[in-house]
Amino acid sequence: MSEKEKKTESCTEGEKTEGDSGLGLGVLFFLIAFVVVFLSGWLLFPKLLYSKKEQPFNFNHALHTSETGSCDTCHYLREDGSFNGIPDLASCMECHEEEPMGDTEDERIFCEEYVANEKEVPWFVYSKQPDCVFFSHAAHIQGAGMDCESCHGYIGESEECRPYEENRITGYSRDIWGKNIWGIKKHSWDRMKMDDCAKCHKEETGSQGACFQCHK
Amino acid sequence: MKVDRRSFLGLGLGAVAGAAVSPVAMKLTDDSSIWTQNWPWTPVPHDGEVTFENSVCSLCKGSCGISIRKVAGRAIKIEGQTDHPNNNGGICLHGIAGLQYLYDPTRIKSPLKKNGKKFEEISWEDAISHIAEKLTSIRDEKKTENIACISGNETGSVAELYKRFFKVFGSNNFYSVPSMDTTWKTTASEMHGKNNSLSFDLENAGFILSFGAGLIEGWGSPVQCFKTNAARQKKGVKLFQIEPRLSNTAAGADKWIPIKPGTEADLALGLCHIIIKEEIYDISYISKYNYDFKAFSKMLDKDYTPEKVAEKTGIDLTLIKQLAHKFAWADNPVAIAGKGRGDIAGDAKEFAAVHALNCLAGNINKKGGVWVNRKKNYLKFPLENLDNTARKGFAKPRYTSFQSLISQIGESSESPIQALFILNANPCYTMHDSDKIIEAFEKIPFKVSFSSFMDETAQLSDIILPSHTFLERYEDIPSDSAGIARKTVGLCKPVVNPVFNTKNQGDAILMIAKALKGKVADNFPWDNYEKCLKSLTKNIWSALSDKGYVVLTSKPSYSKPSAEFSYIANGLKSVEAQGDKKSFPLTLISIDNMRIAGGEISSSPFAIKTVSDKVIKGTDILVEINPETAKKARLAQGNKAKITTPVGSATVRVNLFEGIMPGLIGMAQGLGHTIDNKFVADKGVNINKLIAPVIEPSSGQDAAWGIAASISKV
């Protein structure tokens, strides 16, 4: 037997003897890596992807809607059909100027930091769509007769502001993709991506619409 | 057990499999694709309530009403104000781009003082006290007549405040930049009596005979003229355009009649001759109200027979006759003059001859005619109170025009003017033979500019008191162009907060007057310009601030003024292009292009982008030459060539154009700025450098419309 043949033989033998345990370790490593990556993808990844920001102070929607009666007291359509969105400081002052302020910590912050300095409150908008999207509230509320909840859920009943989560890559609010990292939705307001607009448009109008209707 | 290659393989495969069933890959793919569509450094405008605010555009003399669209208080867009008597919702490209002037790279950010060759920033207080010191020393020496002002406007409260300042200081040397309106004013007062102004109701005219007036090149109130021109075509009202080059106006006219430049007056007088000879003029008007009509018709018989005119003008004899008939037989015919935009003073003889045609047609003070109105003064100034120094200084004779003052300075070793104020004007760019003007300017020891922009003249100033732009200030804007029949006054309002440390020109002069103390200060009792404007326009203020404009004259006067032909019969002389025809066989004429801003304003970056590459290509200017002329000079399309005139030379490129008469070179006006603005500066050539001033003897104004030139291949 030549030197070379010996080597080949010992190699084949070696494989034969240690073959099972080698594979076992490979499977173990496979499983460990699989579980670690899988779990990180589910649990750690969202935490890394989204930054959490607290609102400047807590806003109690439930309290305000019970006082004012409806969403559109503060979130109204202007005369020209455009939507005013989050009310500005002047709008808040319309009520808060005459009424004495309450005694919560949040109202103190509102008064001292914003009212006194005539500074607009830098609210984070959970439902903010990117600038490349044109969205008309008037067309949906008045034209299609939709209610606020279809897209915004029951935010009007919330007593506390949840932290605003911002996607570190896109800068979008987490609400656009939805809380579920797979993007699985249970309610109509859980996710508000382009496909969700298109789906509803297809159901309601028979067409998902043309690009330029929203991307002007 | 041994960790080997397979273990790592397992690890890798496990990671890949784990990732595949986790949302990471899908989410990252989606996010990264979104990221590419939302570059974080791309500015996103604020969202908010949309509001509109009315004001007036003062980029040119059109006095268009504008409506500024604002989002959350930020000015976003300038639109035309609907129902405004001047522009009725329309706006031109310069007005639309008006917001760019707020952030123009040449804007002056704070008061500046020249130190050696460089400017340094100073405070408003220091700048004012420096000016006051200089002026006080001039006043103490009792040489008050040695200060002068050149202003882009002649009317309006700001110009009036400066005039008032000069009067109570003791100087009669307030000059305004001449334009066709200056010549129309002279024509009106010479032919219809003093204090009369003249304007054309083109909107209702039945036939328009235009001697080179660029109706869609920015003449009169540009937007109004665009609309008139469009409406005219629909109504079937004819426009005959007489000019040496096929301008856009000529191309859109019903007939284009090419004419040898400088012989327009001859043609107009030739037409007058035919109309009088054939007795197809308004005999009832002329026989009732005229002076020296006989002398006029005698002069026509002698020098302006159709044959002579045909020879002079190069226009066919039968065409001249047809033209005379067409004009005389039309309902409400109107003849107008003022080359291109009418930015230069006109030839007095041409204007008088053209207006003689209007008088012969009897279309005076009628709807669709020429309106001769008394000047309306809506500003109520308290009477000036002059001290002895001022009275003596103000009584000293003035120069016939700013041009003659500058020539005087150029010729003297020491400038007769010790201090010059420059208000809304850029003479070092707009005046003819601008290199000479710059030389003369450098001799003036103390120059104060009130410009918003570091233009060619501001660069040479000693102190700059930067002004608000028209979007940042209050000002009354009267529409006093002859191109606008109805006289209005609009209110220019601040629609944005000042971007830089600038002030209203009205406030600047109030501050200077107050700093001079004594009688000068006493004549300016107002705390600030806004209060001053309110008190001066007391009678119309509420309407003015409410609506944004007030109509001062909406119809012509009931009475017909007399037509004095003595002015023209006494032998006015036409302005001729300077230069010896042997060494300079061609004639350089200037072309007004609507896309290039005129006067003291340089074009905005938006506007300059719209200029055709047959006018500017890269940084080269193209001049128009008839292929026949080009052939003689051995020039082909796009060739580099050198233009030489008696006062300068420039390198250009050739654009062959059948629409320009042979023997001419046409060059765009408004290019070749030498300012620190990469968007508009150093593109092309400033044609004013190549043209020598020609003084029109009856007015003393420079009315040069061109110059003899030669061209050769480079």
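**Exercise 1. Two helices side by side**

Determine the hand of the crossing in which H9(B) passes H14(B), and then work out how the two helices are oriented and which residues meet between them.

*Solution.* H9(B) passes H14(B) in a left-handed crossing, a term used when the near helix is turned anticlockwise from the far one by less than a right angle, the clockwise case being right-handed. The model is a predicted one, in which local features need pLDDT of at least 70 and side-chain atom pairs count only at pLDDT 80 or more, while totals for chains, interfaces and linings use all residues. Residues are numbered from 1 along each chain as its sequence is written, with chains lettered from A and ligands numbered from 1 in the order in which they are written.

Step one is the geometry: the axes of H9(B) and H14(B) come within 8 Å and cross at roughly 25°, where axes are lines fitted to C-alpha atoms, for helices over the stretch in contact, and angles run from 0 to 180 degrees between N-to-C directions. Step two is the classification: H9(B) and H14(B) are therefore roughly parallel to each other, given that angles under 35 degrees count as roughly parallel, over 145 as roughly antiparallel, 65 to 115 as roughly perpendicular and the rest as oblique. Step three is the contact surface (contact means C-beta atoms, placed from the backbone, within 7 Å): the residues of H9(B) include Ala265(B), Ala268(B), Leu269(B) and Cys272(B), and those they meet in H14(B) include Ala353(B), Val354(B) and Leu357(B).

**Exercise 2. The sides of H13(B)**

*Solution.* Helices (H or I, at least four residues) and strands (E, at least two) are DSSP runs, numbered from the N terminus. H13(B) covers residues 317-329, and its 13 residues reach 18 Å from first C-alpha to last, close to the 18 Å expected, the expectation being 1.5 Å times one less than the number of residues. Burial is then assigned from C-beta atoms placed from the backbone: 20 or more others within 10 Å make a residue buried, 12 or fewer make it exposed, and values in between make it partly exposed. An α-helix has 3.6 residues a turn, so residues three or four places apart point the same way.

**Exercise 3. An enclosed helix**

Explain how far H19(B) is enclosed, and what covers its buried residues.

*Solution.* H19(B), residues 505-516, has twelve residues and reaches 17 Å, close to the 16 Å expected. Ten of those twelve residues are buried, so H19(B) is largely enclosed by the rest of the structure. Among what covers the buried residues of H19(B) are helix H4 (124-140), helix H5 (157-169) and strand S15 (419-423) of chain B. Just after H19(B), Lys517(B) adopts a positive phi of about 60°.

**Exercise 4. Positive phi in loops**

Locate Asn424(B) and Asp433(B), and decide whether each is buried or exposed.

*Solution.* Asn424(B), with phi near 50°, sits in the loop between S15 and helix H17 (427-430) of chain B, and is buried, with 23 other C-beta atoms within 10 Å. Asp433(B), whose phi is positive at about 55° although it is not a glycine, lies in the loop between H17 and helix H18 (434-443) of chain B, and counts as buried with 27 C-beta neighbours inside 10 Å.

**Exercise 5. The interface**

Identify what chain B contributes to its contact with chain A.

*Solution.* The contact joins 30 residues of chain B to 34 residues of chain A. On the chain B side, the elements giving two or more residues are helix H1 (5-21) and helix H2 (24-37), and H1(B) gives the most, with twelve residues. Chain A itself has nine helices and two strands, and buried residues make up 10% of its 216 residues.
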